[in-house]
Amino acid sequence: MPASTTVKLNTGAEMPTVGLGTWKSAPGQVELAVEFALKNGYKSVDTAAAYQNEAEVGLGIKNSGVARESFFLTTKLDNPDHLRAEAALEDSLRKLGTTYLDLWLMHWPAPMTAGSVDPIKTIDWLDTWKSMTKIHKEHPEKVRAIGVSNFSVKFLERLLAEPGIFTPAVNQIELHPSCPQQDVVDFCVARGIVLTAYSPLGSDNSPLLKNEIVNKLATKYNVQPANVLVSLQANRPRVTVLPKSVTNSRIANNSTIIDLTEEEIAELQTIDKTHHFRACHPSWTGWGSLGFPDCLDADKE
């Protein structure tokens with residue numbers, strides 16, 4: 001099926017399918033990566049307060065000379081900021097050097113202490129979502145859309161069961177052939193929630209880059225294995241994707257998207273049956289599995 005170039009959010013806005021991810025992109029590198037990406041055709045940049053690189057991302061945006069209205073910018077509310085959402089938003093806007101966000105996400109439904117050291121079980125993430133909704137409604141000039149990240153079906157069901165609740169525009173989750181999370185994808189697509197795939201390659205030094213199926217398709221289409229993995233997500237309905245690199249050649253290469261057949265997509269998704277893994281397990285938050293079926297062992301710890 002043909003890959004998409006943009007996906008429409010429930011706000012009516014168009015979100016570019018491929019964006020630059022900046023997780024683990026360090027200051028001193030990330031600003032150059034953002035500048036290069038924007039100068040070379042990328043129309044979406046994703047960062048987060050937790051990445052501790054928003055100021056550098058902002059510098060890269062400034063140095064690119066690209067008009068702010070010409071690209072889509074996403075950042076995220078950090079786990080220790082659940083009780084200070086409005087102040088945290090202002091911090092992010094200031095560091096990024098922008099007056100507005102195209103998308104603001106709750107990074108995890110997992111309130112934590114300063115520095116994300118320990119969980120705070122007395123704070124309800126649902127109250128945080130209500131605060132984000134209030135800010136969005138009162139200040140649409142600052143926040144054009146809101147969404148969530150790392151939400152399982154169980155947590156989405158709780159959110160959407162709340163009377164009069166605002167439906168997230170996006171749910172950003174780990175998505176690659178060894179972590180397809182089809183239950184979350186199906187749930188979101190059925191409710192008009194766009195998925196954004198982080199770690200589409202399986203993160204750094206991923207075994208997926210050496211996978212036989214991935215390399216077979218890379219040879220067929222005369223592209224790199226990374227292009228197959230990024231394209232897999234871009235070929236799925238209502239899914240956007242965030243390849244991440246601080247190397248100019250890889251940033252440029254990752255934007256090359258190929259059209260995959262339904263059979264090829266299905267074949268790539270079978271990889272999970274024999275080699276399942278996550279680059280980012282939710283148990284680090286101290287909140288257990290967060291409802292993800294493949295992480296339930298964390299609830300026994």
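What percentage of the 301 residues in the chain is buried? Buried residues, meaning those under 20% relative accessible area (1.4 Å probe, protein chains only), make up 55% of the 301 residues. The model is predicted: local features need pLDDT of at least 70, side-chain atom pairs count only at pLDDT 80 or more, and totals for chains, interfaces and linings use all residues. Residues are numbered from 1 along each chain as its sequence is written, and side-chain values use heavy atoms, with hydrogens and water left out.

**Overall form**

The chain contains 11 helices and 10 strands, which are DSSP runs numbered from the N terminus (helices H or I, at least four residues; strands E, at least two). The chain is as compact as a globular protein of 301 residues, because its radius of gyration is 18 Å, close to the 19 Å of the globule rule. That radius is taken over C-alpha atoms, and the rule is 2.2 Å times the number of residues to the power 0.38. Further values for the chain are listed below.

| Property | Value |
|---|---|
| Box filled by C-alpha atoms, along the principal axes | roughly 50 × 50 × 35 Å |
| Accessible surface (Shrake-Rupley method, 1.4 Å probe) | about 12700 Å² |
| Part of that surface belonging to carbon and sulfur atoms | 52% |

Of the contacts (heavy atoms within 4.5 Å) with a separation of 6 or more, 73% join residues 24 or more positions apart.

**Nonpolar cores**

A nonpolar core is a set of buried Ala, Val, Leu, Ile, Met, Phe, Trp, Tyr and Cys residues joined through side-chain atoms within 4.5 Å. The largest has 74 residues, and Trp104 and Leu268 touch the most other members. Leaving aside residues up to four places away in sequence, Trp104 touches residues including Leu77, Leu89, Met132, Ile135 and Val143. A second, separate core of 10 residues includes Met15, Leu103, Val170 and Val194.

**Helix H6**

Helix H6 spans residues 182-190, and Val184, Val185, Phe187 and Cys188 are buried there. These residues lie on the same side of H6, because they cover an arc of only 165 degrees around the axis; the arc is that of the directions from the helix axis to the C-beta atoms. The buried residues of H6 pack against helix H5 (153-161) and strands E8 (170-174) and E9 (194-198). Gly192, with a positive phi near 75 degrees, follows H6.

**An exposed loop residue**

Thr122 lies in the loop between strand E6 (103-106) and helix H4 (125-138). Its relative accessible area is 76%, and exposed means over 50%, so Thr122 is exposed.
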